[in-house]
Amino acid sequence: MMRRFSRVESAGDLLGFLDRGHSANRENRWTFEVAWEAANKVGGIYTVIRSKAYVSTEELGDQYCLLGPYKEACARTEVEEYEFPRGNPYEGAVNSIRSMGFKVHTGRWLVDGAPQIILFDIGSAAWRMDEFKGELWNATAIGVPHLDIECNDAIILGYMVATFLREFRDSVEKYSQENDLGPARIVSHFHEWQAGVGLIALRTRKVDVATVFTTHATLLGRYLCAGNTDFYNNLDKFSVDEEAGKRQIYHRYCLERAATNLSHIFTTVSEITGYEAEHLLKRKPDIITPNGLNVKKFSAIHEFQNLHAMAKEKIHDFVRGHFYGHFDFNLDKTLYFFIAGRYEFSNKGADIFIEALARLNHYLKSQQPDVTVVAFLIFPAKANNFNVETLRGHAVTKSLRDTLQTIQQQIGKRLYETCLSGRLPDASDILMKDDIVKIKRCLYALQRDGLPPITTHNVVDDWNDAVLGSIRRCNLFNTTSDRVKVVFHPEFLNSTNPLFGLDYEDFVRGCHLGVFPSYYEPWGYTPAECTVMGIPSVTTNLSGFGCFMQEHIADPKSYGIYIVDRRFISLEGSVQQLSSFMLDFCKLNRRQRIIQRNRTERLSELLDWRNLGIYYRQARIKALQAVYPDYVDEGPEYLEHRANFSYPRPLSAPPSPSSSRRSTPAPSTHGSGDEDEDSVDEELELQELGISKTDD
């Protein structure tokens, strides 16, 4: 008898520590998290900080505070400003730095958890920039060019944060004495090199604060990968100082490396980034802190399937309009694939995705001619506006829909009147000549001379655009005979988009497969978001997400996580593997895809911050123990459980109800009438998905 496994064991998660800061208050333990993207949407770190805010406040309460730069455009809509109460140690430190002439905004970030946040107005301290640069030079011999504005801002923010934390150290000691508390223990967690300047200042000023530094992607690594180098096979051969100098980022690299090596605890978001940091930043991470998401579970498993169906119908509407005049494929046998992210053509794997689509097109013509794949490429690129042909397509299809709805209402009224008179309607009563004329007009409007457009917008300098150039090279022109259709949408999606009318999350829900064959992806939020929404995805063993899934899941493919090898085989081999994965997916029938989505959604708990936040807690505890040797953690055994955990091969829950009463006409093929639901026919389900037990 086999046990059905459906959820992650909870012994190694954060739930036991979510006491709204009661333990932290009792221990007089204070936590600060410093990031350039705190209440400042720039990139992926914003998602990390924002999504983790809820579990951070549930664990630490008001003993937790975020620090970052004041950016009015974001802060005005995302932060509710208020002053800290009188006598609070935060209030004392804020008043101290305000007396120095620094402008500071305090309040709560309006996201889940509503964490406390302190934002520093960089402009108010710009008059001290030369002083800060001089201090940095004297302490570390790192010089910063005057014209590097981003780096200048990072230095000003760093020294403002370090000054605040020094004042907070003094304020909290006074607060502890007045309230008969034990010695205060402060830990400050810095994200990326922009915030790392504050860590450097704290350590060189010898402020008694424990520090953690996390790099989400090394600065030099991103530049090297963008230069088409064989990055991972040459990591141990790069002359890092020379490479940083050639790219004119040597001063930034030095700041990142200094923060890495001065921190008490150094973390990265994945094993692959840790390997990269070990060679480029010359320090091996003390702990891996994977990125999570706030997972909102549905009360019934079919709810996310319903959301998929509703979002898919909106994508159907787009496809009907975009491919008008060549709409000769069955939407019930059409699959939607997509890739999305920053427009880094090679790093994000768009190059091999397009190449694999060309091969998939050939395979489908010969093996699955009734299946059509529509592949969406969503990368923000320079574009003027929507192209006329795309807009015309949606206009003529809307006109057809409105005309037919009007005729339908008129036919219904005529049928009613005819039957009311006591006679049976004939053909002339149903469709009038005027109706036929209107329909013919719409049909003539649906005719088009050219092929459906590849892109929805007028792309600037489209002849030199990397995506369009690759599509031309692979001859993916959306012809009638093509079984793979391509749509390049050069801007991020939102609900006000006149073509889709969907925000990104709903668009993902409506697709069948997310394809992210990245070459450089320190973590990879896009496949993680797919997993949480129950959408299968393709990732690689060079992305943090792919490595994490390989480590924690016995058979990722069975759970709808396809991992392409981009590290140990040739580029040609990776393209072949990717096209093979996509072809296998196209061969699944609708029932098999539903089973697979159920399995994929089951992994969402593995990516929940309630599980992954435990690694951040462990990093903070280790930093505290490095600075305060007398500090004893309450539960050190939890991390070992998490590290050794692995999802087994799926023994899936029955996809349809099993018999519950004698009156049930026929049991599901995957269930039985027995009360013991743990007895699941694993072999039968694997056979239905077309996966043998020997498959990797």
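**Close-up 1. D370 and its salt bridge to K333.** D370 is partly exposed at 39% relative accessible area (the class between buried, under 20%, and exposed, over 50%, with a 1.4 Å probe and protein chains only). Its partner in a salt bridge is K333, with the closest N and O atoms 3.0 Å apart (the criterion is a side-chain nitrogen of Lys or Arg within 4 Å of a carboxyl oxygen of Asp or Glu). D370 sits in the loop between α13 (350-367) and β11 (372-378), and K333 in the loop between α12 (302-322) and β10 (334-340), so the pair ties together parts that are 37 residues apart in sequence. Helices here are DSSP runs of H or I with at least four residues, strands are E runs of at least two, and both are numbered from the N terminus. K333 is partly exposed too, at 40%. A word on the source: this is a predicted model, where local features need pLDDT of at least 70 and side-chain atom pairs count only at pLDDT 80 or more, while totals for chains, interfaces and linings use all residues. Residues are numbered from 1 along each chain as its sequence is written, and side-chain values use heavy atoms, leaving out hydrogens and water.

**Close-up 2. D208 meets R169.** Here the N to O distance of the salt bridge is 3.6 Å. R169 belongs to helix α6 (residues 149-178) and D208 to the loop between α7 (192-204) and β7 (210-215), so this contact ties together parts 39 residues apart in sequence. R169 is buried, at 7% relative accessible area, whereas D208 is partly exposed at 37%.

Close-up 3. K398 and D402 pair up at 3.0 Å, N to O. They are 4 residues apart in helix α14 (residues 388-420), which puts about one helical turn between them. K398 is partly exposed at 47%, and D402 is partly exposed at 31%.

**Close-up 4. α14 packed on α16.** The axes of α14 and helix α16 (residues 433-445) are 10 Å apart, at an angle of about 165° (axes are lines fitted to C-alpha atoms over the stretch in contact, and angles run from 0 to 180 degrees between N-to-C directions). The two helices are therefore roughly antiparallel, a label for angles over 145 degrees. Among the residues making the contact are V396, L400 and I407 of α14, and I439 and C442 of α16 (contact means heavy atoms within 4.5 Å).

Close-up 5. E355, R359, R473 and E572 form a network of salt bridges. The structure holds 38 salt bridges.

Conventions: Parallel < 35°, antiparallel > 145°, perpendicular 65-115°, else oblique.
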